[in-house]
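Please consider the structure shown below, with attention to its ligand and to its backbone.

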Amino acid sequence: MAQAARIARRKAAEVQLIAVSKTRSADEIRPLLIAGHRLFGENRVAEAAEKWPALRAEFPDAELHLIGQLQSNKAGEAAAMFDAIHSVDRASLITALGKAIRANGKSPRCFLQVNIGAEEQKGGCAIADIPVLLDQAKQQSVNITGLMCLPPADVEPAPYFALLAELAERHGLKQLSMGMSDDFPAAILLGATHIRVGTALFGPRAR
Ligand SMILES: *Cc1c(COP(=O)(O)O)cnc(C)c1O
């Protein structure tokens, strides 16, 4: 991270490392907390609800981000548990999050997830839908601070990172959630403010 930031002439501290702890047990996560790391990402609400209440009791300043797809019926639980949500991608979910935020007063920072490679099976909104979803979020008090993407697998990711950065700039959004274990240096070069790294920290995930 420091190397990539130096090449990009950015401050390393501008880039936040989200330790992606999905599938990892509390015993695997705790050593990172003891070493002083505080920012973690989970991709499922139910899994996070099992692991994190106890970890947060030990480490109250831990920060938890949701990086996986969110069903509208889990929006309330997610808004209460997560400090940030990276997977906001459709009108129905924005409506559900808005309701939850107004009901419980906790307002996580949100990223609009963009289906940057226009892939059939992938989550994320179409590029063309970004303006209308941002408008809707504003009206419903859903605080969108940036864009997030997962580029297509097995192709060079840099053009997709560059495109996401351009879209964020066009819409006046400051944060960019992009880059994982295999491609975070390129993401940092292209402006990532949050990288999401699992395997490079914890080792390969069990299948
Ligand atoms: C699992 C996951 C990651 C981390 O992937 P690694 O290759 O293990 O670093 C990042 N982002 C999302 C959305 C994920 O689901």
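The model is predicted: local features need pLDDT of at least 70, side-chain atom pairs count only at pLDDT 80 or more, and totals for chains, interfaces and linings use all residues. Residues are numbered from 1 along each chain as its sequence is written, and side-chain values use heavy atoms, with hydrogens and water left out.

Around the ligand (a heavy atom within 4 Å) are V20, K22, I67, M180, S181, R196, V197, G198, T199 and R205. This shell comprises four nonpolar, three polar and three charged residues; here Ala, Val, Leu, Ile, Met, Phe, Trp, Tyr, Cys and Pro count as nonpolar, Asp, Glu, Lys and Arg as charged, and the others, Gly among them, as polar.

For R205, a side-chain N or O atom is 2.8 Å from an oxygen atom of the ligand. Taken alone, the ligand exposes 390 Å², of which the protein buries 89% (Shrake-Rupley method, 1.4 Å probe).

Most residues other than glycine have a negative phi. A118, in the loop between β5 (109-113) and α6 (130-139), has a positive phi of about 45°. S141, between α6 and β6 (144-148), has a positive phi near 60° and is partly exposed at 38%.

Technical notes
Polar contact = N/O pair within 3.5 Å; in protein donor to acceptor, adjacent residues only side chain to side chain. Helix = DSSP H or I, 4+ residues; strand = E, 2+ residues; numbered from the N terminus. Buried < 20%, exposed > 50% of the residue type's maximum accessible area, 1.4 Å probe, protein only.
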